[in-house]
Amino acid sequence: MEQNNDGSLALVRHVVLVLSGKGGVGKSTITTELALALRHVGKKVGILDVDLCGPSIPRMLSVGRPEVHQCDSGWVPVYTDAQKSLALMSIGFLMEDPDEAVVWRGPKKTALIGQFVSDVAWGELDVLLVDTPPGTSDEHLAVLESLKKHKVDGAVLVTTPQAVSTGDVRREITFCKKTGVRILGIVENMSGFVCPHCSECSNIFSKGGGEELAKLTGSVFLGSVPLDPLLSASLEEGKDFTTSFPDSATFGAISSISQSLLKSLESD
Amino acid sequence: MEEMTQNDYCPGTSSEQAGKSASCEGCPNQQLCASGATKAPDPAIAEIGEKLSVVKHKILVLSGKGGVGKSTFSAHLAHCLASDGTKEVALLDVDICGPSIPRIMGLEGEQVHQSGSGWSPVYVDDNLAVMSIGFLLSSPDDAVIWRGPKKNGMIKQFLRDVDWGELDYLVIDTPPGTSDEHLSIVQYLSSTNVDGAVIITTPQEVSLQDVRKEIRFCQKVKLPIIGVVENMSGFMCPKCKNTSQIFPPTSGGAEKMCADLNLPLLGKVPLDPRIGRSCDEGKSFLNEVPDSPAAEAYRRIVQSELSFSAHFL
Ligand SMILES: Nc1ncnc2c1ncn2[C@@H]1O[C@H](COP(=O)(O)OP(=O)(O)OP(=O)(O)O)[C@@H](O)[C@H]1O
Ligand SMILES: Nc1ncnc2c1ncn2[C@@H]1O[C@H](COP(=O)(O)OP(=O)(O)OP(=O)(O)O)[C@@H](O)[C@H]1O
Ligand code: SF4
Ligand code: SF4
Ligand SMILES: [Mg+2]
Ligand SMILES: [Mg+2]
């Protein structure tokens, strides 16, 4: 790989963090689907997975546990396709045994993330998406510190409609304000339900909480993605939802969110 | 980064290996740990042991994965235990960055009070006490942007400085993962008897792959596992009674994992949108829809848990 040596992020146009104060709301899912949707429209995309305790992206993109190699400018990301349009680096690749628990205290995580973030040879990318663990703690501060030396365009916040989740994301908004991260927008995931049996009722599960939160806090609302069994199944198998179900409402929703995000990134 | 091997975890700042084990390589704390300054056992551990000696059963609720329903389960376990009016029950939330317990227990906006013997918990009922960092925050916008050591300090205070009184059960809800909070709670409870941990998962492999790590964590720190609960397991539409797998058990679900790892499966709780709603309204689902399959499942799980704990005194 021919690389210039002026920093691993030098040729990365936009850096976007995917955050949520709440666990399991679909940060990794939204990261994966946004990356696939952006690639679908011809962008070069990278994903950096910094969830030390629970890295999910390798499975969601079905790359397993490849060996990672080093080149002069750092770790070479793993490409999911021959065109090298989707690059991935996960902290999960560096673990010897996938079932082993990473039981580290904050200072150690901070040191590793700092090294990890600045050591990946991304090459040229349109967008780098960073998938984070839940919360507002060591990992988040460490990622910000290391990325800010370069630049961070902002954060996409993911929530589910439930108050239990929007309550945590409200705190995450404060985290962004305090740390000077621009909020690119809020995504409401698992919003309503695409029932495989009939389409009589879709409001069995709640809906609208993320949109309300956006209004309440004056943030951009990027859109909502329904709870769709086809999506969870496709993530389990590591399939590309954008090519398996291009006509579904769920794909439409994801693709419209990725368009809004792109517009917001390119407008400044 | 090559040094990330099997045994690569923080041996604990007060352990023999602190600052010296292979995994300490590159840790910013290494010098301090190696100097021995951190090795003196924290006197709080003995104080906590003393304080919690009047708590008969201590149960941790854990999961490597986020959003699988740890807090929901902890809350309903506490409600269910407290439905026996002769038992004293307390629920402690050690999720410092994302406390959900105040909302789920219907206690949003409550504040703790200082009493002569420490912080008083907030009471839902005469026999059900709750403590969470949520009660120490002044507004719903407050973010707790704390690094590990500060979170650990808070957990220590929750155990040592809260006026728990005599308890039959202390249920502890944790954040996702295997990190500072988990290491701390286990360490601070090391001079007391802990019944063990209930592990929560959902059926998909995306969850199970993280939960297996949590199980390794329990084994590493010698925390007994009471059993595993599979939450959000299948969905039966309350309207039309059709069932669908929203989170498919592609790798065999909790059942297969438990068989592989030789762990008891305490039960499965189906997805029921009314659970989400009860949580948001701060009500007990067990009272809201007592005759639903999900409420039935919760009660059965608590029964199995109780028979485990019964052997424990
Ligand atoms: N819109 C959706 N429809 C159906 N299933 C979904 C949807 N979004 C997410 N899921 C499923 O929900 C589970 C949790 O999602 P995910 O792992 O992306 O959450 P997360 O926020 O990254 O979790 P963590 O906090 O543990 O990192 C996954 O199994 C995923 O497949
Ligand atoms: N069986 C269920 N059916 C429907 N909704 C559920 C069920 N169990 C939990 N929920 C809902 O799912 C969401 C996540 O649950 P909960 O907050 O308890 O998870 P958690 O594991 O504590 O999350 P975190 O990792 O953020 O601490 C909540 O909105 C909750 O109400
Ligand atoms: S009534 Fe609703 S949940 Fe039940 S099968 Fe029809 S659309 Fe699905
Ligand atoms: S804090 Fe760091 S140096 Fe100290 S024991 Fe843990 S890993 Fe080793
Ligand atoms: Mg994730
Ligand atoms: Mg929780």
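This is a predicted model: local features need pLDDT of at least 70, side-chain atom pairs count only at pLDDT 80 or more; totals for chains, interfaces and linings use all residues.
A residue counts as near a molecule here if one of its heavy atoms lies within 4 Å of it. Because residues from chains A and B surround ligand 4, the site is shared between chains.

Residues are numbered from 1 along each chain as its sequence is written, chains are lettered from A and ligands numbered from 1 in the order in which they are written, and side-chain values use heavy atoms, with hydrogens and water left out.

Over in chain A, UniProt lists A:Cys195 and A:Cys198 under "binding site" in an unreviewed entry; its positions are given in the numbering used here, feature names are shortened, and annotations may be inferred rather than shown by experiment. A:Cys195 sits in the loop between strand S9 (183-193) and helix H6 (209-217) of chain A, and A:Cys198 is found in the loop between S9 and H6 of chain A too. Helices (H or I, at least four residues) and strands (E, at least two) are DSSP runs, numbered from the N terminus. A:Cys198 counts as partly exposed because its relative accessibility is 34%. The scale runs from buried (under 20% relative accessible area) through partly exposed to exposed (over 50%), with a 1.4 Å probe and protein chains only.

Chain B splits into domain 1 (16-45) and domain 2 (53-304), with bounds from an automatic or database domain assignment. Taken over C-alpha atoms, the centres of domain 1 of chain B and domain 2 of chain B are 31 Å apart.

Now for the salt bridges, meaning a side-chain nitrogen of Lys or Arg within 4 Å of a carboxyl oxygen of Asp or Glu. By this rule there are 22 salt bridges over all chains. One of them joins the side chains of A:Glu139 and A:Lys109 (2.9 Å, N to O). That pair links distant parts of the chain, with A:Glu139 in helix H4 (residues 138-148) of chain A and A:Lys109 in helix H3 (residues 106-118) of chain A, 30 residues apart. Both A:Glu139 and A:Lys109 are buried.

In chain B, B:Asp161 forms a salt bridge with B:Arg160, and their closest N and O atoms are 2.9 Å apart. B:Asp161 is partly exposed at 22% relative accessibility, and B:Arg160 is partly exposed at 23%. Another salt bridge connects B:Arg299 and B:Glu296 (3.2 Å, N to O). Both lie in helix H11 (residues 293-310) of chain B, three residues apart, about one turn of the helix. An α-helix has 3.6 residues a turn, so residues three or four places apart point the same way.

Finally, look at H7(B), where 13 of its 16 residues are buried. After H7(B) comes B:Lys222, whose phi is positive, near 60 degrees.
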